[in-house]
Amino acid sequence: NAQMVVRGSSSSSTTHAFDGHATRQAFNKFRNNPSQLWRGYTALVARNLPFTAMQFPLFEFLRTEIYRFREGKGSRSGTLLETGIVTAISAGSAGTLAAVATTPIDVVKTRIMLAAAGDGGEGQREKVIKEMQAQGKDAKAEIEKAQRAARGGRAGGVAVGKEILRTEGVKGLFRGGALRGAWTALGSGLYLGVYESGRRFLEKRRVGDEGLSPY
């Protein structure tokens, strides 16, 4: 996690908000408790590892099947446009499925963070409320749910998940899944589509410069 190290506003002029290098300040801040630098790492792994483990095998499977289908119809052209479109569709579809499947983990992680924010002082609470209101959510209600689910912000992910399931049902665990799936489809499709098209373009240009057959 990247954390901002801010001085108290009453201690000096705002023109000197930071003293020295930001990284050095961060290490000094956590010198007495360095384990806090890895705070949230478990939740990060719990969300991203299953997502990646599902997304890329699905992506390769879907891309292979689409190419096989096009070859069967005799419509495969091997152009950069085809590569980009097929890759984008495969990556977007795989990303959507993986994102929706891992939404409960993301919901639990978000609830724990909201509970911590709600207990972190009025300034932090108001900041979180404004951010969530900008997303069209009832921030105060979400924070209250998070605090109840997290039981003071110290409960583990399993306990938070059970509490959400008990109070809100399965629907609560998949809250925001459609939106998460949509932006993941867009991001994955653009990223991998552009990457694969660029890779093929550079490969063909290199083969052409060397006077070799691309096959």
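Me: How many of the 215 residues of the protein count as buried, as a percentage?
Reply: Of the 215 residues, 29% count as buried, where buried means under 20% relative accessible area, exposed over 50%, and partly exposed in between (1.4 Å probe, protein chains only). A word on the source: this is a predicted model, with local features needing pLDDT of at least 70, side-chain atom pairs counting only at pLDDT 80 or more, and totals for chains, interfaces and linings using all residues. Residues are numbered from 1 along each chain as its sequence is written, and side-chain values use heavy atoms, leaving out hydrogens and water.

Me: Why is Q55 called buried?
Reply: Its relative accessibility is 7%, and the limit for buried is under 20%, so Q55 counts as buried.

Me: Good, and what is Q55 in contact with, leaving aside neighbours within four places in sequence?
Reply: Q55, in helix α2 (residues 41-73), is in contact with A91, A94, G95, A98 and S188. Contact means heavy atoms within 4.5 Å. Helices are DSSP runs of H or I, at least four residues, and strands are runs of E, at least two, numbered from the N terminus. The buried residues of α3 include A91, A94, G95 and A98.

Me: How do you know that the span of α3 agrees with its number of residues?
Reply: The expected span is 1.5 Å times one less than the number of residues. For the 22 residues of α3 that should be 32 Å, and the end C-alpha atoms are 31 Å apart, which agrees.

Me: What makes E60 and R63 a salt bridge?
Reply: The rule asks for a side-chain nitrogen of Lys or Arg within 4 Å of a carboxyl oxygen of Asp or Glu. For E60 and R63 the closest N and O atoms are 2.9 Å apart, so the pair meets the rule. Being three residues apart in helix α2, they are separated by about one helical turn.

Me: Are E60 and R63 buried or partly exposed?
Reply: E60, at 37%, counts as partly exposed, whereas R63, at 15%, counts as buried.

Me: And what makes E196 and R199 a salt bridge?
Reply: Their N to O distance is 2.6 Å, and the limit is within 4 Å, so they qualify. Both lie in helix α8 (residues 177-210), three residues apart. Salt bridges that share partners join E60, R63, E196, R199 and E203 into one network.
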